[in-house]
Amino acid sequence: MIEERAFFIDYARCIGCQSCVQACAECDTHRGRSLIHLETIDRHDSVQTAPQVCMHCENPVCAQVCPADAIKQTPDGVVQSSLKPRCIGCSNCVLACPFGVPRYFGEIDQMMKCDMCYDRTSTGKRPMCATVCPSQALAFITLDEFRRTRGGTAINEWRFGDHPVRTKVYLVVPPETPPLLQIQGLGSARPSGAFDRNDVAAWLEQG
Amino acid sequence: MPPPVRVTARGADAAHAIAAGLAAAALVILGIYFGSRHLRDFDVALVPYAGASVFAAFGLGYRYAMWLRRPPTGLYWRRSWQLFFAPRHLPANIVRLARLAFDNFLAQKFIGRRAVKRWLAHWCIFWGCVLAAAVTFPLSFGWIHFETAPASLARYQAFVFGVHVFSFRLDSVLAPLVFNVLDVAALLVLTGIFFALWRRGLDRGALAVQQFANDLLPLALLFAVSVTGLFLTASTHLLRGYDFVFLSQLHAVTVIFTLLYLPFGKFFHIFQRPAQLGIAFYKEAGAASGQATCRRCGAPFASALHVGDLKRVESALGIRYATAAGDYQDVCPRCRRLSVALAQDALWRTHGRGPGKGTR
Ligand code: SF4
Ligand code: SF4
């Protein structure tokens with residue numbers, strides 16, 4: 001029996017090549033619109049770029065705060081994009097998702113989000129982004145493959161403020177990391193004192 | 001004054017919703033009784049249709065009330081009305097509502113921007129159904145009826161709530177239109193279904209996510225209603241009434257089934273959708289109310305009104321973003337993405353190997 005594949009995300013591996021951004025727009029469930037987020041993290045914080053797909057929460061906050069009941073989960077735990085007849089474009093989900101995933105498109109008055117390429121994953125194929133990602137920062141593999149090829153461990157339990165979240169998508173972290181990752185979002189993106197964000201020399205001085 | 005966010009037990013919700021359903025059904029019954037002048041204009045042959053409508057009204061009242069009991073729905077519903085009826089803005093709001101209703105419901109422009117075939121399908125089905133509903137509900141409730149004029153058998157008179165509204169000659173241009181309006185509606189609906197199936201059959205995205213009960217059953221029901229309706233016309237005009245009784249019963253079955261399905265399946269969006277207009281008012285009021293700024297990057301990311309309301313919805317839902325150290329709801333979506341990536345980065349740093357691309 002083939003072990004079921006899971007989605008692993010490892011921001012640290014991302015090389016910022018934008019392949020996932022291009023591939024995402026090719027997905028048949030939202031053709032022409034790329035829904036993945038690729039963040040260039042400010043140099044002040046890190047040199048990293050980071051892709052963000054929907055983490056497919058077990059009890060998704062996006063669906064709970066949706067007044068139109070437009071976000072549904074498939075029996076296999078994939079949180080779908082908004083139902084077109086229902087979504088009234090209020091952006092509650094956009095603001096409430098702990099991972100900042102859903103996007104609101106004003107011209108069609110609708111929210112759209114990553115649905116793990118349901119057209120593909122429901123027929124055993126890998127999602128577009130994980131298929132093209134050259135560094136496998138986005139990987140759709142079995143747990144066994146993960147153990148054989150990666151040094152870290154995979155966690156899927158989070159706490160945002162005091163709110164616990166468990167996700168279908170795993171994050172790769174160092175071995176022996178406690179299984180729950182606390183996110184406060186408290187770290188200031190603004191360095192103290194007068195600081196020009198475009199002044200690279202000042203960043204370097206700050207270490 | 002912000003409207004309250006209600007949290008109630010499920011049992012209380014259901015009792016409330018049953019009451020709302022009964023009230024909706026009672027309204028329809030009263031409407032039928034008084035609208036048909038104490039049943040004087042009520043056509044007994046149409047009792048099954050009227051009965052199914054009463055059941056549908058109950059279902060719709062129940063489902064709508066249940067829907068409004070969800071904290072986010074209830075809050076935005078009350079908020080929308082509060083903003084709409086704000087005395088200072090009411091006249092402008094009424095004009096705005098008319099414009100929004102035209103763009104979103106009559107022309108359905110936002111669907112056109114999603115895809116042309118989707119728009120064609122939806123527009124045809126929508127107008128076919130509106131036309132059919134505008135004729136059949138008043139007819140089966142006894143609100144309108146037709147009679148031959150006492151003076152001339154070649155003249156027909158139309159009555160609305162028992163009041164004579166207009167009359168026309170049987171050989172006038174109007175006559176075939178009046179008698180065949182339901183056929184026009186059926187053809188519109190069938191055209192819409194054709195486009196819908198065309199789109200659904202070819203669009204690989206739609207093929208992956210569509211479900212029979214949710215997406216295809218409604219089309220099948222509309223198809224059955226339209227085709228059996230057209231059979232009746234064919235039987236009358238082409239086949240000299242061949243099997244008319246059976247066909248009319250078949251048609252009644254399809255219509256009744258559709259009415260009973262109305263509150264539960266995809267058709268419920270007809271009643272949900274107007275909330276979209278409320279959200280338009282909400283967004284405008286939000287834009288005028290000042291912006292909330294992200295506590296991490298300091299940039300404005302949404303209206304202060306929206307973020308404040310969302311926090312109340314979250315606390316009603318038991319989403320515990322608020323802590324003594326601050327509220328995660330004050331972090332903008334981009335900073336949330338950054339925070340998660342940075343948290344992972346910090347773990348690898350403290351692990352002593354740095355992010356170390358390619359080493360793992
Ligand atoms: S990550 Fe965000 S969008 Fe995805 S399921 Fe969770 S709450 Fe919803
Ligand atoms: S934008 Fe759409 S899917 Fe998101 S919460 Fe609002 S209605 Fe629901």
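At what angle do the axes of helix 3 and helix 12 of chain B cross, and within what distance do they come? In this predicted model, the axes of helix 3 (residues 71-84) and helix 12 (residues 275-288) of chain B cross at roughly 70 degrees and come within 9 Å. Angles of 65 to 115 degrees count as roughly perpendicular, and helix 3 of chain B and helix 12 of chain B are therefore roughly perpendicular to each other. The crossing of these two helices of chain B is left-handed.

The contact between the two helices involves residues from both elements. Helix 3 of chain B contributes B:Tyr76, B:Arg79, B:Ser80, B:Leu83 and B:Phe84. These meet B:Gly278, B:Ile279, B:Phe281, B:Tyr282 and B:Ala285 of helix 12 of chain B. Sorted by class, the contact of helix 3 with helix 12 of chain B comprises 7 nonpolar, 2 polar and 1 charged residues.

In chain A, 5 strands form an open sheet with mixed pairing, arranged in the order 6-1-8-7-9. From one strand to the next, the twist averages 45 degrees.

Strand 7 (residues 153-160) of chain A runs parallel to strand 9 of chain A, and 4 bridges join the two. A:Arg159 stands opposite A:Gln182 in strand 9 of chain A.

Definitions and conventions. Residues numbered from 1 in each chain as written. Chains lettered and ligands numbered in written order. Predicted model: local features only at pLDDT ≥ 70, side-chain atom pairs only at ≥ 80, totals over all residues. Heavy atoms only, no water. Axes fitted to C-alpha atoms, helices over the stretch in contact; angles between N-to-C directions. Parallel < 35°, antiparallel > 145°, perpendicular 65-115°, else oblique. Left-handed = near helix turned anticlockwise from the far one by under 90°. Contact = heavy atoms within 4.5 Å. Nonpolar A, V, L, I, M, F, W, Y, C, P; charged D, E, K, R; others polar. Pairing = 2+ DSSP bridges.
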